[in-house]
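Trainee: Can you walk me through this one? I would like to start with the overall picture.

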Amino acid sequence: RLPFSLAIPHYVSSTIGDLINEDYDGAKRSVLLLFLLGTVDSVLDFWCIFLFGYAKENIVKGVRIDTFASILSQEQAFFDKTN
């Protein structure tokens, strides 16, 4: 995803340069590439966030199951209150 994020400023400056030079075909091409790269970057961002969230949920689920199993495996005397 990083190459797409790094290319966006390049195409913004290319678009501005083409508009200053009155090269409207070049500006149109730069805007189209900017749109395509932005779309690809946003789709990859979504999947990155989704997959990291999914992995985090599975890790937390495993820790909770292990903790609960550990608590259930304790002897009953473990839960007696002592002051």
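Mentor: We can go from the whole chain down to single residues.

Mentor: This is a predicted model, where local features need pLDDT of at least 70, side-chain atom pairs count only at pLDDT 80 or more, and totals for chains, interfaces and linings use all residues. Residues are numbered from 1 along each chain as its sequence is written, and side-chain values use heavy atoms, with hydrogens and water left out.

Trainee: How many helices and strands does the protein chain have?

Mentor: Two helices and zero strands. Both kinds are DSSP runs numbered from the N terminus: helices are H or I with at least four residues, strands are E with at least two.

Trainee: What about its radius of gyration?

Mentor: The protein chain has 27 Å, while a compact globule of 83 residues would be near 12 Å. The radius is taken over C-alpha atoms, and the globule rule is 2.2 Å times the number of residues to the power 0.38. The C-alpha trace spans about 85 × 25 × 15 Å along its principal axes.

Trainee: And what share of the residues is buried?

Mentor: 12% of the 83 residues. Buried means under 20% relative accessible area, exposed means over 50%, and partly exposed is in between, using a 1.4 Å probe and protein chains only.

Trainee: Which residues of helix 1 are buried?

Mentor: A7, Y11, S14, T15 and D18. They pack against helix 2, residues 24-72; contact here means heavy atoms within 4.5 Å.

Trainee: Why would residues three or four places apart point the same way?

Mentor: An α-helix has 3.6 residues a turn, so residues at that spacing point the same way.

Trainee: How far does helix 1 reach?

Mentor: Helix 1 covers residues 2-20, and its 19 residues reach 28 Å from first C-alpha to last, close to the expected 27 Å. The expected span is 1.5 Å times one less than the number of residues.

Trainee: Where does P3 lie, and is it buried or exposed?

Mentor: P3 lies in helix 1 and is exposed, with a relative accessible area of 58%. P3 and D45 are 42 residues apart in sequence and 12 Å apart in space, C-alpha to C-alpha.

Trainee: Where is E22 found?

Mentor: In the loop between helix 1 and helix 2. E22 is exposed, with a relative accessible area of 57%.
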